[in-house]
Amino acid sequence: VRSLSGGANSDIPTCLKVLEHWCGPCHVTLSQLNVPLAVADAGVVGDQPSFLTLLVRILSDSNPPSEEILKAAPKALAESIMQPSDVGTAARAEAVRIILSAIPSHGFLAAPLAYCSSNEWDEASHSLACLASDLATEEVETIAACQIPGCAEIVEILLRLQRHPFQPVAISALEFWLALQDIPTEERHPSLAAPLFGQLVDGLVTRVSYPPTFTNWENEFELDCQEFDEMRRMVADVLVSSYFLLRCSYLEQLANVIQSSQSDQNGWAATESALFCLCSVSREVCARVKARGVGTVAADRDATARGLVQLVQMLCQGGAETAARRHPLVLTMSASFLGSYAPVWNVCCSAENILGLLQYLVAAVGSSPKTSAAAAKSIKLVLIGCSS
């Protein structure tokens, strides 16, 4: 206790690791972590602290003494957050209130994350990100209601983490969005519905984009191929859940990204990423186009079909050669997009539009081997879709 309350900095990481290994195996709950300590026996003068308040103080420091402290402290606190035995109790609710309210009042998490980013302490950022995600996910009902200070702030922290250049940090935030989508919208604060997920989609488009200077993996030294592919696989579920909430707005948002990036010399990466995000929800969108019903279902179905037609016209307007000149990856993803939505082209496209997209795909076959394979597969899928 003396060390965590202001002892030698060199002692703190060891004390935090001891605390972590005590909380985990001994199943120390968040409520127990908030019990005031017998400070008189520990030789600490002043208000009676708890391990929780000491950890919150450490994780609110805008000028932390070492990266090791910021790597160890979040792990110790996360161990107790993940203990389920006090869930639903008033004591845990009070502990959660203390933690969340420290975000706007003392810079809990936000201050050390900013320091880590400016000093490129990626491992410490990852530890802090895991804590933020664990806290928000475990207390998702409290966060969704947004009734106590700090709820909106921790969501904003997670949005920023989603854009973090260090991939493990960005991946850490994904779990919360899926947990939040399990909360009915009528039980959420209005700001945590469509507006939030619109911001999230924008962030994910940026996060899963190639660098503008990317040519191929043989010449890429800053981006890891396996990590990049893993990130794209992991965001798929979040994109699907975002589509279910946003519906037509999801298509419109990504169409705007594609439209606005057309005139940007480095905009090819945003176009390719937006097309990837469209491909990720193709099964769900196709099901919507084929849905039977009246009223809002019919209106959304028709609007979705119109949005897809506009996307096809936008992509095919310049031809495959234009896409290839922008970047071969744009042509490859365009071909994949046309194949992903093949089951509904005969439903929402005119014969002229279908002929145009087939001509686009035929022209793409003569490109790179990867593009040719995607285009050939898509031609087959489009023809099968039209035959039905």
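Predicted model: local features only at pLDDT ≥ 70, side-chain atom pairs only at ≥ 80, totals over all residues.
Ring pairs join Tyr-210, Phe-214, Trp-217, Phe-228 and Trp-268 into a cluster. Of the 388 residues in the protein, 53% are buried.

**Aromatic pairs**

- Across the whole structure, a search finds 15 aromatic pairs.
- One of these joins Tyr-115 and Trp-121, whose ring centres are 5.2 Å apart; the pair is edge-to-face because the planes stand at 70°, and an angle over 60 degrees falls in that class.
- Trp-121 counts as buried, given its relative accessibility of 16%.
- Tyr-243 and Tyr-250 also form an edge-to-face pair, since their planes meet at 80°, with the ring centres 5.8 Å apart.
- Tyr-243 has a relative accessibility of 0% and therefore counts as buried; Tyr-250 is likewise buried, with a relative accessible area of 0%.

**Salt bridges**

- The structure contains eight salt bridges.
- Arg-92 and Glu-139 form one of them, with 2.7 Å between the closest N and O atoms. This pair links distant parts of the chain, as Arg-92 belongs to helix 6 (residues 90-106) and Glu-139 to the loop between helix 8 and helix 9 (140-145), 47 residues apart.
- Both Arg-92 and Glu-139 are buried, and together with Asp-86 they are linked in a network of salt bridges.
- Asp-300 and Arg-288 meet through their side chains in a salt bridge with an N to O distance of 2.5 Å. Here too the pair links distant parts of the chain: Asp-300 lies in helix 18 (residues 296-316) and Arg-288 in helix 17, twelve residues apart.
- Asp-300 is buried, with a relative accessible area of 11%, and Arg-288 counts as buried at 18% relative accessibility.
- Lys-71 and Glu-68 form a salt bridge between their side chains (3.3 Å, N to O). Both residues lie in helix 5 (residues 67-81), three residues apart, which corresponds to about one turn of the helix.
- Lys-71 is partly exposed, with a relative accessible area of 24%; Glu-68 is partly exposed as well, at 37%.

**Negative surface patch**

- Asp-224, Glu-227, Asp-229 and Glu-230 form a negative surface patch.
- Within this group, Asp-224 is located in the loop between helix 13 (194-207) and helix 14 (225-246).
- Asp-224 has a relative accessibility of 37% and so counts as partly exposed.

- His-27 has a positive phi, near 55°, although the residue is not a glycine. His-27 is situated in the loop between helix 1 (12-23) and helix 2 (30-33).
- Glu-120, also not a glycine, has a positive phi of about 55°. Its place is in the loop between helix 7 (110-119) and helix 8 (122-138).
- Glu-120 is exposed, with a relative accessible area of 66%.

**Cys-286**

- Cys-286 is part of helix 17 (residues 282-289), and the residue is buried, with a relative accessible area of 7%.
- Between the C-alpha atoms of Cys-286 and His-164 the separation is 32 Å, the two residues being 122 apart along the chain.

Methods: Residues numbered from 1 in each chain as written. Heavy atoms only, no water. Patch = residues over 30% accessible without salt bridge, like charges linked within 9 Å, V, L, I, M, F, W, Y side chains within 5 Å. Areas by Shrake-Rupley, 256 points an atom, 1.4 Å probe, with all protein chains shown as cover. Salt bridge = Lys/Arg side-chain N within 4 Å of Asp/Glu carboxyl O. Lys, Arg positive; Asp, Glu negative; His and termini not counted. Charge placed at Lys NZ, Arg CZ, Asp CG, Glu CD. Helix = DSSP H or I, 4+ residues; strand = E, 2+ residues; numbered from the N terminus. Buried < 20%, exposed > 50% of the residue type's maximum accessible area, 1.4 Å probe, protein only. Phe/Tyr/Trp six-rings, centres within 6.5 Å; stacked < 30°, edge-to-face > 60°.
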